[in-house]
Amino acid sequence: MRKSIALCLYFILALFILTSCKDKQDVVHMGVNAEILEISEQEKTMLVKGLDENSILGDKCYVKCENAYFIEVIDGKPIDITFDDFSVKDKITVDVIEVLETYPSSTITERVQLIQRNDTNYDKISAYMEEECKNVFSPYYELLDFQISNYQEEVVNENVEATFFYKVIHKNYDKDPDTVGYIKEAKERGDSNYQKMYDEYLQPKEMNFELKAIIDKNDLITLYSNISPKGIEWEETKMSDFILSK
């Protein structure tokens, strides 16, 4: 009986060792530095160049990201991002698996980390959007955060065209909700939604936009919003267009 148990434990240990060895062999190199040259959204593939001397990626390598997860470290905290958050010229690190010695070479990765964005135009648009939103919305709301996601850019007729989702997190300015007209009236008439109105008044809320920004050769930015409920139809806009009568 003891011999059978010992034999069973031996096989379990051997299986564990073999599995561990296989996992270690899957990842050839971890955290390889690279710069994105091209992005294929349809194939979920990046063409990159290695940034380290004698990099295993060479000067051109296709990185297949179909089963990868994507992260960015912000203020020391890893944040999950998506494939759409990457742009050409971004600096990244990849865990390299199964390098195929062709030209360009190719590999499969299970992890891509965004190290440094191609910030020149991204920063211009980010600063422009934050200033515009403060000018337009701060008379009405306390603005808590501004977030860009799904940022993509390309050069069209010598202008930079960037599309992105934009989120403004805001709340009402601090005051007693019972002094707000519609909440005060709801309380006086015994409205069943009074408590919900009261509780929600000071809670953070979101405004979400799908936008395109065009930067011309003089660094002037023109903003467009997608006005189509299905598909894409860009219309020139200003953030003040989103103000409702209060």
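Buried means under 20% relative accessible area, exposed over 50%, and partly exposed in between, with a 1.4 Å probe and protein chains only. The model is predicted: local features need pLDDT of at least 70, side-chain atom pairs count only at pLDDT 80 or more, and totals for chains, interfaces and linings use all residues. Residues are numbered from 1 along each chain as its sequence is written, and side-chain values use heavy atoms, with hydrogens and water left out.

**Exercise 1. State how many helices and strands the chain has, and what share of its residues is buried.**

Solution. Helices (H or I, at least four residues) and strands (E, at least two) are DSSP runs, numbered from the N terminus. The chain holds four helices and twelve strands. Of its 246 residues, 35% are buried.

**Exercise 2. Describe the open sheet of five strands and name the strands at its edges.**

Solution. Two strands pair if DSSP finds at least two bridges between them. The order in the open sheet is E8-E9-E10-E11-E12, and the pairing is antiparallel. Strand E8 (142–156) and strand E12 (234–236) are the edges; each has a single partner strand, so one side of each lacks a neighbour in the sheet. From one strand to the next the twist averages 30°, where axes are lines fitted to C-alpha atoms (for helices over the stretch in contact) and angles run from 0 to 180 degrees between N-to-C directions. Within this sheet, take E10 and E11. Strand E10 (residues 205–215) and strand E11 (residues 221–226) run antiparallel and are joined by five bridges. Ile 214 has Thr 222 of E11 opposite.

**Exercise 3. Examine the hairpin of E4 and E5 and find the residue with a positive phi.**

Solution. Strand E4 (residues 69–74) is antiparallel to strand E5 (residues 77–81), with five bridges between them. Phe 70 has Ile 81 in E5 as its bridge partner. Two residues lie between the strands, and Asp 75 takes a positive phi near 55°.

**Exercise 4. Decide whether Ser 105 is buried or exposed, and list its contacts beyond four places in sequence.**

Solution. Ser 105 belongs to strand E7 (residues 105–116). Its relative accessible area is 7%, so Ser 105 is buried. Contact means heavy atoms within 4.5 Å. Leaving aside neighbours within four places in sequence, Ser 105 touches Leu 57, Lys 60, Cys 61, Tyr 62 and Leu 100.

**Exercise 5. Classify the ring pairs Phe 164 with Tyr 166 and Tyr 194 with Tyr 198.**

Solution. Rings of Phe, Tyr and Trp (its six-membered ring) pair if their centres lie within 6.5 Å; planes under 30 degrees apart count as stacked, over 60 as edge-to-face and the rest as tilted. The structure has seven aromatic pairs. For Phe 164 and Tyr 166 the centres are 6.3 Å apart and the planes at 80°, so the pair is edge-to-face. Phe 164 is buried at 2% relative accessibility, and Tyr 166 is buried with a relative accessible area of 2%. For Tyr 194 and Tyr 198 the centres are 6.0 Å apart and the planes at 55°, so this pair is tilted. Tyr 194 and Tyr 198 are four residues apart in helix H4 (residues 194–200), and are therefore separated by about one helical turn. Tyr 194 is buried at 14%, whereas Tyr 198 is partly exposed at 28%.

**Exercise 6. Name the residues that ring pairs link into a cluster.**

Solution. The cluster consists of Tyr 122, Tyr 151, Phe 164 and Tyr 166.
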